[in-house]
Structure formats: C-alpha cells, structure tokens
Amino acid sequence: MKKKISLTLLVAMFIFFFLPKTGLAVDYSITSVNIDAFLQENGNVNVEEIHTYSFDGDFNGITREIFPKNGTKITEFKATENGKTLKVEKDDNLYKVHRKGANETITIAITYTIANGVNVYTDVAEFYWPFFDDRNESTYEKMLITIHPPAATDDVIAFGYDQAFEREVIQQEGPVLFQLGEVPDGENGDIRVAYPASLFPSANVTADKAMKGEILKAQTELYEEAAARAKMQESLHSASLYVVIASLLFLVLFVLISGLRARGKKIDVERKMQQAFFIPKETLSLPAMIYFTKGHIPTEAISAALLDLVRKGFVTKTEESFQLVKVKPANQHEEILMNFLFYEVGSHGEFQFEDLQKYTKNKLNHGKYQTKMQEWQKAVQMEVKTQPLYEKRGKLRWTFAILGILQLAYSFLTLGYELFGWFFAFLILSGVYIVLAISYRPKTWNGLMIKHEWQRMKEQLPQISMKTWENLSDDEQMRSYIYGVGINDKKIIETNENFIQAFKRPSTILNSNHNVEPYGTNIHSLLLIGPLASSNFHSAHKTTSESTTSSSSSMSSGGGVGGGGGGSGAF
C-alpha cells in the first residue's frame with residue numbers, strides 16, 4: 001500500500017514539475033469587459049468590473065491582476081456571479097476567482113476600492129489610472145470604461161494615452177465614457193480625468209498647488225505630438241513610394257546590364273569552346289574544381305581527393321593499404337588531408353579504411369574529425385579564391401550593402417509609425433540588396449569557360465563511343481572518373497565502369513618473381529578504390545556529424561502610469 005502511495009506521489013510530482021505549462025493552459029476568450037469607476041468625495045474610488053469569459057474546455061476560474069499606483073492601495077476585493085459570492089484567493093497583486101466549469105460562457109462581477117485613487121489639488125482633483133498595462137497577457141475583445149464624478153458637473157477634463165487616445169466621450173453631468181473597443185494583450189491605455197476640487201471636500205490634499213494648467217498643458221502636448229506624428233506618418237508614406245520606385249529601378253537596371261554582360265560572355269565562351277568531346281585541362285586540383293563547379297563541397301569530394309592523391313602519385317595503393325610517398329604536394333589542402341589520414345587516422349604513412357572505421361567509432365574523435373574536415377574544406381576554398389575565376393566587383397557589392405542597410409533602417413522607421421505595408425516592402429528590398437552584396441560574384445571569362453567545359457563533359461561523356469573513350473589518355477580517364485565520384489554523378493561513374501568492363505586492362509602488375517606489386521595508377525585501379533572510399537567517408541561523416549539545439553528565454557517588465565496597471569486571465 002505504501003509503495004502504491006509513493007508511486008502516485010512520484011507521478012504527481014513529475015506531472016507538476018516537468019510537464020510543459022502549455023499542456024495545462026486554459027483555452028478562453030474575454031468577450032467583453034465593462035468597468036465603472038465611482039469617484040468618492042473622500043478621494044477613494046469604488047470600482048465595479050463585469051467580465052464575460054467564453055471557455056473551451058475545463059476551467060477552474062478567472063484571474064485579475066491589479067498593480068496599484070504609488071501611494072494607492074487596493075482593498076475590499078470581491079467577486080460574484082448572479083449575486084452569489086465566489087471564493088477569491090490573493091497572491092500579491094494577483095486575484096484568483098474560483099469558479100469551476102467546462103465549455104461555457106460566464107459573467108463575473110468584481111468590485112474593489114482604490115484607496116487614495118484621486119489626487120486632489122487646490123483647483124482640481126485628478127483620477128489618472130491604468131486599468132491594464134503592457135503586462136496584460138489577454139486580449140479584451142470589447143472594453144468600456146466609465147468614470148463617474150461624486151456629483152454632477154460640466155467642468156471636465158478628460159483624455160487617454162495609447163489604446164485610450166481619442167476614445168473619450170464626456171457625457172452630460174460629468175461622467176466620462178472611454179470606448180476602447182478591442183484591446184490587444186501587451187498594450188498600455190492610461191486614462192486621465194479631472195474635476196473641480198470642490199467635489200471632493202473630505203479628501204486629503206495631495207499637494208497645495210494648482211494643477212489644472214499642467215493637466216491642460218499635458219493634454220495639449222499629447223494632441224500636438226499626435227498631430228506631429230500624423231504629419232510625419234503622411235510624409236513617410238509619400239516619401240516611401242518614391243524611395244521604393246528608385247530602389248526598384250536601380251535593381252531593374254542592374255539586372256538588365258548584368259544580364260546582358262553575362263549573356264555576352266556566355267555566347268563568346270560557347271563560340272570559342274571546342275566542338276569535339278574532350279576532358280578539360282587541369283587548371284585547378286580536382287577537389288577545388290568540384291567546389292568551383294558544384295558551388296559547395298559534398299561529402300564525396302573527400303573520396304575524390306584521396307583518389308586524386310593516388311592519381312598524382314603522392315599515394316600508392318597496395319592490396320592491404322594506402323602508402324604515402326614522400327613527395328611534398330603542391331596544394332595546402334592535399335597536405336592537410338595526407339597528414340590527417342596517414343598520421344592521425346592511420347600511422348607511419350600508412351592508411352586503411354579499417355583505420356577510419358576505428359577512428360570514428362571513438363566518440364572522442366568526432367569533434368577532431370569534423371574540425372579537420374572543415375580545415376581541409378577551407379583550404380580547398382582558398383585555392384579557388386586565389387585564382388582569377390571571379391570578377392572583382394567590390395565597389396558595386398559595397399554599394400549594395402550600404403543601400404541594403406539604409407533601407408533596413410528606413411523599414412524600422414516606417415514600422416515605428418505603423419506603416420506596416422511599407423515596412424514589409426523595405427524589409428524585402430533590404431534583404432535583396434544584402435543578399436546581392438554577399439553573393440554577387442560574376443565569373444571571369446576564364447572562370448565561365450572552365451565551368452562550361454566541365455558541364456559539357458558531364459553531359460557528353462555518357463553519349464561518347466568506346467573508341468573516343470579509348471583515345472583518351474589514362475590521366476584524362478582518371479580525372480573524368482574522379483570528378484564524377486566527387487560530385488556523385490552516377491552517369492559519369494557508370495559510363496566509366498561500362499567502358500572499363502568492355503575494355504579489360506590488368507589492374508595489378510607482376511614483377512619478375514611473379515609477386516604482386518602495388519596497383520598501377522590507371523582508371524582500373526581507381527575503379528576498385530572508388531566505391532569503397534565513397535562508402536567509408538560517407539559513413540565517417542554521418543557518424544561524426546553532431547547537431548546541437550539551443551533555446552533562449554527573455555523576460556520583460558512594464559507598467560502604466562505610476563507603476564500601476566494589470567491584466568486578466570484564467571486557470
């Protein structure tokens with residue numbers, strides 16, 4: 001029995017502490033809120049609030065959070081439904097009104113008193129209060145606030161801020177109606193109403209000074225700021241049209257000119273390119289050529305790099321392993337790969353695929369493997385960067401960057417004035433300009449020629465005859481095969497395999513004692529290595545790849561006038 005109780009407690013604790021709060025959230029909407037604030041002669045304010053909630057699912061009640069302004073206090077908080085008193089639980093400034101139910105619409109009346117809610121001066125008494133503020137997490141679909149003076153009067157000053165701006169209606173005999181309509185969550189909406197001080201004979205005087213002039217000045221400044229904002233909004237709206245047109249014209253002009261230049265270069269390259277099938281010359285190392293023509297370095301490029309080391313004679317292949325030949329390579333990425341494979345993964349200048357499998361099985365080596373491969377990739381990319389394959393268009397790219405940043409700044413300016421259409425337009429244009437600044441790298445004539453030659457080789461190789469393939473040198477055959485392995489082009493690989501099967505050539509060499517020597521470096525030897533290399537390096541990459549996730553959270557604070565405010569919710 002004790003074991004069952006302990007297990008139940010353990011499960012309950014797990015649910016409470018570890019299940020996400022969203023899973024326990026209450027689905028509701030606040031369809032209407034009517035607030036009546038009755039100002040008293042003694043300076044207190046009696047408040048009556050009528051909240052209508054529509055619930056979808058089970059619920060335990062509603063919440064009302066009230067942050068009193070400095071110098072005020074909330075007292076006598078009560079809640080009723082159809083005259084029936086409901087249980088209220090207070091936690092600091094949060095009031096939880098208990099009322100269980102499911103799938104229904106309820107209307108709850110809340111009453112409370114704001115002690116010293118009215119500030120009394122020698123000439124006027126002011127009620128300046130935030131019934132909600134930017135800490136509110138619920139949307140009020142329809143809100144109505146009415147301020148009632150202690151006695152009838154026609155001497156009234158009333159205005160509101162933010163959501164309450166220009167929503168006031170001064171009624172006959174002094175009540176002020178604020179028709180706020182929908183109030184989104186996270187918004188402020190302070191209200192400010194002033195009546196003659198004579199209406200509050202028993203209230204404590206807040207300050208022995210005249211305040212009417214300052215309140216009227218604040219009202220005037222508020223409307224002047226709103227007028228200036230509206231004028232600025234209109235000016236921005238008008239200017240934005242011309243800025244967008246100018247920006248689009250610049251882009252169109254750039255696209256037309258760059259398109260014509262690119263088309264002219266392409267026509268010239270195609271006109272000067274050989275018509276007969278050929279394997280392009282070795283202007284770059286094969287890993288660099290793969291990166292240049294492909295636009296990125298695929299995992300298969302590592303296999304191609306090892307095969308290329310064999311082709312160049314830096315590495316020899318025996319039946320059991322790869323042996324490093326003591327020759328210094330021309331490229332840094334070749335040296336990085338050789339040192340890594342033959343001295344870190346393998347040992348003493350010898351490397352086997354079994355070494356790679358053992359190395360990657362150890363999780364401690366995963367980070368080292370990825371780091372070394374990134375270092376190798378950067379060196380491959382550096383080889384391409386040092387060659388005159390791309391035009392130097394630094395000034396134009398800087399122009400794009402500056403225009404992109406300026407339009408991004410302008411987009412946030414329009415956002416500040418609630419010009420949402422222009423904000424998104426400039427945000428998109430800014431993105432286009434910044435992308436162009438980063439990525440616009442037109443190829444030189446030589447770079448375009450190289451890319452077209454390899455593209456044409458890739459397209460034509462599967463269609464050539466056996467005789468054409470036989471006429472290629474061993475080095476040309478090997479380079480075409482290695483390139484196909486590096487870009488993982490199955491047509492190139494299969495074409496070479498088919499030709500090799502039809503054109504038998506010994507893959508090993510016998511010495512005078514009829515012992516097996518290392519593989520002769522030709523297309524046959526590479527064909528035996530290629531699939532195994534691709535499989536092993538692909539597996540190594542998959543095993544060592546790591547993914548990380550991160551999460552962040554942020555907290556914000558806010559408040560209405562005097563630190564006051566509040567909001568609503570449910571539980």
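User: Where is the place of Lys363?

Analyst: Lys363 sits in the loop between helix H6 (353–361) and helix H7 (366–385), where a helix is a DSSP run of H or I with at least four residues, a strand is a run of E with at least two, and both are numbered from the N terminus. This is a predicted model, in which local features need pLDDT of at least 70 and side-chain atom pairs count only at pLDDT 80 or more, while totals for chains, interfaces and linings use all residues. Residues are numbered from 1 along each chain as its sequence is written, and side-chain values use heavy atoms, with hydrogens and water left out.

User: Why is Lys363 called exposed?

Analyst: A residue is called buried under 20% relative accessible area, exposed over 50%, and partly exposed in between, using a 1.4 Å probe and protein chains only. Lys363 has a relative accessible area of 68%, and therefore falls in the exposed class. Although Lys363 and Thr544 are 181 residues apart along the chain, their C-alpha atoms are separated by 7.7 Å.

User: Why does Ser303 count as buried?

Analyst: Ser303, which lies in helix H4 (residues 300–312), has a relative accessibility of 0%, and so it counts as buried. If we leave aside its neighbours within four places in sequence, Ser303 is in contact (heavy atoms within 4.5 Å) with Val485, Ala533, Ser534 and Phe537. With one of these, Ser534, the side chain of Ser303 comes to 3.3 Å from the backbone nitrogen.

User: How do you know that the length of helix H9 agrees with its number of residues?

Analyst: The expected span of a helix is 1.5 Å times one less than its number of residues. For the 20 residues of H9 (residues 420–439) this gives 28 Å, and the end C-alpha atoms are 28 Å apart, so the two values agree.

User: Which residues of H9 are buried?

Analyst: They are Trp422, Phe423, Phe426, Leu429, Ser430, Tyr433, Leu436 and Ala437.

User: What do the buried residues of H7 pack against?

Analyst: Their partners are helix H3 (286–294), H4, helix H5 (332–345), H6 and helix H14 (523–544). Among the buried residues of H7 are His366, Tyr369, Trp376 and Val384. H7 itself has 20 residues and reaches 29 Å from its first C-alpha to its last, close to the expected 28 Å.

User: What makes strands S9 and S12 the edge strands of their sheet?

Analyst: The open sheet of four strands has the order S9-S10-S15-S12, with antiparallel pairing, and two strands are said to pair if DSSP finds at least two bridges between them. Strand S9 (119–120) and strand S12 (157–160) each pair on one side only, and that makes them the edges. Two bridges join S9 to S10, including the one between Asn119 and Glu126. S10 and S15 pair over six bridges, and S12 and S15 (residues 191–196) over four, with Arg192 as the bridge partner of Phe159.

User: Why is strand S10 described as largely enclosed?

Analyst: Six of the six residues of S10 (residues 124–129) are buried, so the rest of the structure largely encloses this strand. In a regular strand the side chains alternate between the two faces of the sheet. In S10, Val124, Glu126 and Tyr128 point one way, Ala125, Phe127 and Trp129 point the other way, and all are buried.

User: In which sense does S1 pair with strand S11?

Analyst: S1 and S11 (residues 140–148) run parallel, over seven bridges, and Asn34 stands opposite Leu144 there. With strand S2 (residues 45–56), in contrast, S1 (residues 27–39) runs antiparallel, joined by twelve bridges. The hairpin of S1 and S2 has five residues between the strands, and in it Gly43 takes a positive phi near 95 degrees.

User: How many helices and strands are there in the chain?

Analyst: The chain has 14 helices and 19 strands, and 44% of its 571 residues count as buried.

Conventions. Polar contact = N/O pair within 3.5 Å; in protein donor to acceptor, adjacent residues only side chain to side chain.
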